Amino acid sequence: MIDGQTFYGMRYAYRITPNAAQHFTVPALTISAQPGQASAPLTAQSAPLSFEASPPPGFAADEPVLVASGLRLSQTLTATDLKVGDSLTRTLTLQADDTPGLSLPPPAAAQIKGLRLYPQAPIISNLDDGRGAITGGQRIDALVYRVQQGGHFTLPAISVKWWDSRNHRLQFAQLPPLTVDAQAVSAYSPPSPSNTAAGSFRSICSPGSPRLSRWSWRVTCCMRCGRVSRPCGEKRGLHCVGRVVNYAWLH
């Protein structure tokens, strides 16, 4: 009721989060509406507002500030029987009360020798009370590492610096370091020529081979010249022309 008259309307609330220590001015807002008995739209304007934002104790003027009434930080690690070429994932979940998700800072991701880091896009969302009212924010970061060499590795500790607006003091949320082991892949040793199909073929095709005199053969393709030989049904000496890809022995 204003001046003895009853009015009906709607009230809007806006949350403003300063990202820097400075003076802020909120300009006047203009509202336009046409009541049922008015012949034309009516316009009203709010008064401009201003406020000063300063960094909390313990923060530099150019340092990002995380302000919350409560904060939770957790981690999980997905890594099983690691070998060179495998991947492991360290997932960090940060939740803050009375702070939107976009205000949550990214975690510090250090480079680790022997592991290659592949940062993923974060999952940022707001927390609510189930009735639509925002109560805080959440940020989930997945740090994916690929093993480049075998050994023992330590994923460093994580620390988040924040200002406790409920108790008015500087706080630190910390996670312990994680350790993983990865096995080195043994060097590849190619088989000796005598144990391969090509080596066996060269042995059989060598002059004086007893198997050559008892069997006829057919070569389907030679990798050296690419020619296809004709089937040979005679039991006579043969000349080995290259590495055989596909061949068959015929009685």
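Tutor: Start with Gln 148. Leaving aside neighbours within four places in sequence, Gln 148 is in contact with Val 84, Gly 114, Leu 115 and Arg 116. Before going on, note that this is a predicted model, where local features need pLDDT of at least 70, side-chain atom pairs count only at pLDDT 80 or more, and totals for chains, interfaces and linings use all residues. Residues are numbered from 1 along each chain as its sequence is written, and side-chain values use heavy atoms, with hydrogens and water left out.

Student: What makes Val 84, Gly 114, Leu 115 and Arg 116 contacts of Gln 148?

Tutor: Contact means heavy atoms within 4.5 Å. Those four residues meet that cut-off with Gln 148.

Student: Where is Gln 148 placed?

Tutor: Gln 148 sits in the loop between E11 and strand E12 (151-155). Strands (E, at least two residues) and helices (H or I, at least four) are DSSP runs, numbered from the N terminus. The chain has two helices and 17 strands.

Student: Why is Gln 148 called partly exposed?

Tutor: Its relative accessibility is 43%. Buried means under 20% relative accessible area, exposed over 50%, and partly exposed in between (1.4 Å probe, protein chains only). The value of 43% falls in between, so Gln 148 counts as partly exposed.

Student: How far is Gln 148 from Lys 113, in sequence and in space?

Tutor: They are 35 residues apart in sequence and 8.6 Å apart in space, C-alpha to C-alpha.

Student: Why does Thr 93 count as buried?

Tutor: Thr 93 has a relative accessible area of 18%. That is under 20%, so the label is buried. Thr 93 is found in strand E8. Not counting residues up to four places away in sequence, Thr 93 touches Arg 72, Leu 73, Ser 74, Gln 138, Arg 139 and Ile 140.

Student: What makes Asp 97 and Arg 72 a salt bridge?

Tutor: A salt bridge is a side-chain nitrogen of Lys or Arg within 4 Å of a carboxyl oxygen of Asp or Glu. For Asp 97 and Arg 72, the closest N and O atoms are 3.0 Å apart. That is within 4 Å, so the pair qualifies. Side chains of opposite charge can pair when their charged atoms come close.

Student: Which parts does the pair of Asp 97 and Arg 72 tie together?

Tutor: Asp 97 lies in strand E8 (residues 87-97) and Arg 72 in strand E6 (residues 70-78), so the pair joins parts that are 25 residues apart in sequence. Asp 97 is partly exposed at 22% relative accessibility. Arg 72 is partly exposed too, at 37%.

Student: How many salt bridges does the structure hold?

Tutor: Four. One of them pairs Arg 131 with Asp 129, at 3.4 Å, N to O. Arg 131 is exposed, because its 73% is over 50%. Asp 129 is partly exposed, at 32%.

Student: Are Asp 141 and Arg 139 buried or exposed?

Tutor: Both are buried. Their side chains meet in a salt bridge of 2.8 Å, N to O.

Student: What makes a space a cavity here, and how many of 30 Å³ or more are there?

Tutor: On a 1 Å grid over the protein atoms alone, a cavity is a set of points where a 1.4 Å probe fits but cannot get out. The structure holds one cavity of 30 Å³ or more. About 70 Å³ of space lies in the largest cavity. A volume is the space filled by probe spheres set on the points, with grid points joined across faces, edges and corners.

Student: How do you know that Thr 93, Arg 139 and Asp 141 line the largest cavity?

Tutor: Lining residues have an atom within 4 Å of a point. Thr 93, Arg 139 and Asp 141 are among the residues lining the largest cavity, which also include Leu 73, Leu 92 and Pro 105. E8 gives the largest share of that lining, three residues.

Student: What kinds of residue make up the lining of the largest cavity?

Tutor: Eight are nonpolar, one is polar and two are charged. Ala, Val, Leu, Ile, Met, Phe, Trp, Tyr, Cys and Pro count as nonpolar, Asp, Glu, Lys and Arg as charged, and the others, Gly among them, as polar.

Conventions:
On a 1 Å grid over the protein atoms alone, a cavity is a set of points where a 1.4 Å probe fits but cannot get out, and a pocket is an open set with protein on both sides within 12 Å along at least five of seven lines; lining residues have an atom within 4 Å of a point.
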